[in-house]
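Colleague: I would like to learn how to read a few features of a structure. Could we go through them one at a time?

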Amino acid sequence: MTQDLEMKDRSTPSNSVSPPVPSTLQHLKEIATLIETGSYSKEVRRIARAVRLTIALRKKLTGSVITSFLDHVLTPGSESHAKLSVYLPKEDDHEMEVDAATSAIQTPATKHLLPELEIFCYLLVLLFLIDQKKYNEAKACSSASVAWLKNVNRRTVDVIASRLFFYYSYSHELTGDLAEIRGNLLALHRIATLRHDELGQETLLNLLLRNYLHYNLFDQAEKLRSKAPRFEAHSNQQFCRYLFYLGKIRTIQLEYTDAKESLLQAARKAPVAARGFRIQCNKWAIIVRLLLGEIPERTVFMQKGMEKALRPYFELTNAVRIGDLELFKNIADKFATTFSADGTHNLIVRLRHNVIRTGLRNISISYSRISLVDVAKKLRLDSPNPVADAESIVSKAIRDGAIDATLDHASGWMVSKETGDIYSTNEPQQAFNSRIAFCLNMHNEAVRALRFPPNTHKEKESAEKRRERQQQEQELAKHIAEEDDDDF
């Protein structure tokens, strides 16, 4: 009985003690070890994993944690340590986070001086400054890190360097000084090209495109994009950004078909968590589809988490679908601030012609003959001479093939032609022919992709040959078994 009590007393403390939860400082030290391992083994994937783990810890970073980490990684009193310590708040000793689990292991002799770890410290401080909304200090820190990166040519630094390039541009954008760094970004892109740093080229090209588009310099952005070296995409995020910027450039250049493809592809490839980016892609894609004469499906506006942001574009699409010019103007004025902030206001001005054309198409279907005065009233044209404008609009729509009608200039009438039976024409045959050709092409591609077992092209063996082969195999097996028995 006493033995049972003693056993219970001994077991109680072991059950009550739980393993200590690793602190943020301990996580950062593990990340530093991962970076050190990747640097020595020249494995870029380890560096990329360390950056992902750092982004996950971003919300837990404090000034005291980063200060302790800098003391652990960098030599106190060194140039980098002195530069980075200036940006961190000064705190008392009792407020500093102490990692008891690793304080005994840490020794002054084990100081890391790898370039990867040094630039990683810059990244940590820069993230902390941006989260604390100290944008001027972040701008100075990012400029110092970029100046330091120009003298480092190591492939294991490229992953961290690409992040620093992004935050370098982002900090200047937050302070409204984006135009100041354009020349520096071009120089960095040239350096990355000479060093064959493809990830850096991707990031810097997108930053330059964003820089140009921020100031509506679409021609310069297209010249840079067309002359920049092309290679296989290394980062899905950077590729999505490139497609989005390409779609915006194509839209301004009136190449709506290519713009629609790029924008929709960017929206599909973007991660689910990047909701803001996907919302921007959908906004531009909706406008481009309306300019092409298409009406987006309702499901586009009902995507999870996007209903409120896409509500102005849903009402705009409804006005274009109806062809009501007055409703279109009211919606454009109602959400003018939203459209200006999204950068789509100038594109919406282009939609006015599509609204008029849609309304005119509805009128030509409804009336076999209608006066130009009534056309102007139904289209709600508010120009000084609406009848003359209605006549020019109708004549242009007839010439473009938007409506099937004739214009009686003397009497001031628009006479619509009778709608014939479409099944009496060749259109159904052409539609079926295109569908059948698509199915046949898909079947042929599937057959080409099939994998066949070897020697299927040879002749199939006859029954007699198969019996002879099986008999020979049996005799051979029997002979081998007899030899085994003899050996035994």
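Colleague: Does Phe 432 count as buried or exposed, and at what relative accessibility?

Modeller: Keep in mind that this is a predicted model. A residue counts as exposed when its relative accessible area is over 50%. Phe 432 counts as exposed because its relative accessibility is 51%. The residue sits in helix 23, which covers residues 427-449.

Colleague: Which residues form a nonpolar patch on the surface?

Modeller: Phe 432 forms one with Ile 436 and Leu 440, and together they have about 320 Å² of accessible area.

Colleague: Where is Arg 250 placed, and is Arg 250 buried or exposed?

Modeller: Buried means under 20% relative accessible area. Arg 250 is at 13%, so it counts as buried. Its place is in helix 13, residues 236-252. Leaving aside residues up to four places away in sequence, Arg 250 touches Glu 222, Arg 225, Glu 255, Tyr 256, Asp 258 and Ala 259.

Colleague: In what order do the three strands of the open sheet run?

Modeller: Strands of a sheet pair through backbone hydrogen bonds, in either a parallel or an antiparallel way. Here the order is 1-3-2 and the pairing is antiparallel. Strand 1 (369-371) and strand 2 (405-408) are the edge strands, each pairing on one side only. From one strand to the next, the twist averages 20°.

Colleague: How many bridges join strand 1 to strand 3?

Modeller: Three bridges join them. Ile 370, for one, has Met 414 in strand 3 as its bridge partner.

Colleague: Which helix lies across the strands?

Modeller: Helix 21 (residues 372-379) lies across strand 1, strand 2 and strand 3, and runs at about 80° to strand 1.

Note on methods:
Residues numbered from 1 in each chain as written. Predicted model: local features only at pLDDT ≥ 70, side-chain atom pairs only at ≥ 80, totals over all residues. Heavy atoms only, no water. Helix = DSSP H or I, 4+ residues; strand = E, 2+ residues; numbered from the N terminus. Buried < 20%, exposed > 50% of the residue type's maximum accessible area, 1.4 Å probe, protein only. Contact = heavy atoms within 4.5 Å. Patch = residues over 30% accessible without salt bridge, like charges linked within 9 Å, V, L, I, M, F, W, Y side chains within 5 Å. Areas by Shrake-Rupley, 256 points an atom, 1.4 Å probe, with all protein chains shown as cover. Salt bridge = Lys/Arg side-chain N within 4 Å of Asp/Glu carboxyl O. Pairing = 2+ DSSP bridges. Axes fitted to C-alpha atoms, helices over the stretch in contact; angles between N-to-C directions.
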